[in-house]
Amino acid sequence: MTGYCLGRPEVRFDLAALKAFYADKRVLITGAAGSVGSALSLELARLGCAHLAMLDQFDHGLINIVESVRRTAPKLQITEALCDVRDSGRLDSWVRRIAPDVVIHSAALKHVHLGERHPVECVLTNLVGVRNALSAAVNAGAGHFMLISSDKAAAPSCVMGATKRLAELHLTGFQKERPTTTRLKSVRFGNVLGSQGSVLPRFEAQIEAGGPLEVTHPEMERFFMSAQEAVGLILSVTALDGETGAYFMEMGEPVSILEIGRDLIRNSGKQIDVEITGLRQGEKLKEQLADDYETVAATTLPGVFRVTPAAAEAYVTSADVAHLEAMARTMDNALVRQRVFAYLDDRIQCQTLAVG
C-alpha cells in the first residue's frame, strides 16, 4: 500500500554519510513519542549516535519509544525526559542536563481540524514551544537545531500551518537578534504515510467499520512521503552544511485523496459507499511547498530545496512571540485565530506592526 500511495520511487538518503555524522553526536528529540519522533529515535539508534535523549509530555508514548530504542540498541546511552515544551524552565533544565549536539524539535500540534477549534493551544505549542526549545538549545551550546515544519506553512489557510510559518520565521528572527553558532533550520513535510491522524489509518478504520468512507472534496490532493523518507530528510538536512531556512524534498505529483480511498475499498473486497462531506475551515484543495512571498533554491542534496523569505525584513522576533503568547493566554479562540493570521500577513508582507 505504501509504495502505491507514493506513486513514485522512494527517495533514498546516504545512510553511510548519516552514520558518520551522528556517530559522535548527542541528540535530543522533542515529541519523541509521536509518529515522526519515534521513527527518528529508532533510526538514530540504528545509526549509532553517541547518546539519544527522548523528550515528550505523553508518558505512555514516551515509555513505549524508550523501550523500543532499548531493544533496538541495548548498549546505547539514552535519557528519557518527561517534559512539556511549553514549560520553558523545565525544558531549559533538561536540555542543559542533556547537553545535546543536535536538537530535533518534533513536538507540535499537527491536526488541522483540532487546531481550528483550539487556536490558543496551537500558538502555545507550535510557536511558544518552538521559542522555548530554540532558546534552550542555544543556551546549552547545541551545534544544530532542526524544526520540523509542514507544507501547510506555505500559503497557510489553517491555524496549524500559520503557527508553523511563524515558527519558521522566528528562527530567522532569533538569529538576527541573538547571533549564534548554532545552525538553525526547518523542514517542510507532506503527509507521512501511516502517521497518527493521517488519511490512510482513518480510511482503513472507516472501511473496517463498514463505511461510509468520508472524503471532504472529490478534487482534494496531497503530497505524500514515507516515514523513512521523512526521517532521512530530517537527518540529512540537519547534517547539511547549509544556512537558516525551510527545506523541502521534491515529492512528485500530489496524490488524489479520493483515488486513495477508492483503491483501499477495491483492495478490501467490500462494498463501501463514499461520502463527500465538504471542505472544513482551514482546509485547502491542494497544498504547495512554497508561496509567492518566498524564494526557492537548490541544495547540494539531490531533490532537496531551501526556501527563504523574499524580503529580508520578513521575520518574527522574540518580542513578537511574547506578544502572541500574551494574546493566547488572555483572548478567546476566535480572536486568537484572527490575530494570528493578521500577524502573519503583516510579517510576510513586511509591514510595521506595533508590539504592545
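Helix axes in these legends are lines fitted to C-alpha atoms over the stretch in contact, and angles run from 0 to 180 degrees between N-to-C directions. Helices (H or I, at least four residues) and strands (E, at least two) are DSSP runs, numbered from the N terminus. Welcome to a predicted model, in which local features need pLDDT of at least 70 and side-chain atom pairs count only at pLDDT 80 or more, while totals for chains, interfaces and linings use all residues. Residues are numbered from 1 along each chain as its sequence is written, and side-chain values use heavy atoms, with hydrogens and water left out.

**View 1. Helices α7 and α8 side by side.**
Here helix α7 (residues 119–139) packs with α8 at an angle of about 25 degrees, their axes 9 Å apart. The two helices are therefore roughly parallel to each other (angles under 35 degrees count as roughly parallel, over 145 as roughly antiparallel, 65 to 115 as roughly perpendicular and the rest as oblique). Their crossing is right-handed, a term for a near helix turned clockwise from the far one by less than a right angle, with anticlockwise giving left-handed. On the α7 side, look for contact residues including Cys122, Leu127 and Leu134; among those of α8 are Met160, Ala167 and Phe174. Contact means heavy atoms within 4.5 Å. The contact residues divide into 13 nonpolar, four polar and two charged. Ala, Val, Leu, Ile, Met, Phe, Trp, Tyr, Cys and Pro count as nonpolar, Asp, Glu, Lys and Arg as charged, and the others, Gly among them, as polar.

**View 2. Where α9 meets α11.**
Helix α9 (residues 199–208) and helix α11 (residues 257–268) pack at about 45 degrees, with 10 Å between their axes. That angle makes α9 oblique to α11. The crossing of α9 past α11 is right-handed. From α9 come Val199, Leu200, Phe203, Glu204 and Ile207, which touch Ile257, Ile260, Gly261, Leu264, Ile265 and Ser268 of α11. Eight of these contact residues are nonpolar, two are polar and one is charged.

On a 1 Å grid over the protein atoms alone, a cavity is a set of points where a 1.4 Å probe fits but cannot get out; a pocket is an open set with protein on both sides within 12 Å along at least five of seven lines, and lining residues have an atom within 4 Å of a point. Grid points are joined across faces, edges and corners, and a volume is the space filled by probe spheres set on the points. The count is one cavity of 30 Å³ or more. The largest cavity holds about 120 Å³ of space. Of its 14 lining residues, Glu168, Leu169, Ala246, Val307 and Pro309 lie nearest the centre. The elements giving two or more residues to this lining are α8 (159–177), β6 (183–188) and β15 (304–309), with the largest share, five residues, from α8.

**View 3. The second largest pocket.**
This pocket has a volume of about 200 Å³. It is lined by 13 residues, and Phe13, Asp14, Ser236, Leu301 and Pro302 lie nearest its centre. Nine of the lining residues are nonpolar, two polar and two charged.

**View 4. Two backbone details in loops.**
Most residues other than glycine have a negative phi, and most peptide bonds are trans. The bond from glycine 211 to proline 212 is cis, with omega near 0 degrees; proline 212 sits in the loop between α9 and β8 (213–215). Alanine 99 has a positive phi, near 50 degrees, and is found in the loop between α5 (88–98) and β4 (102–105).
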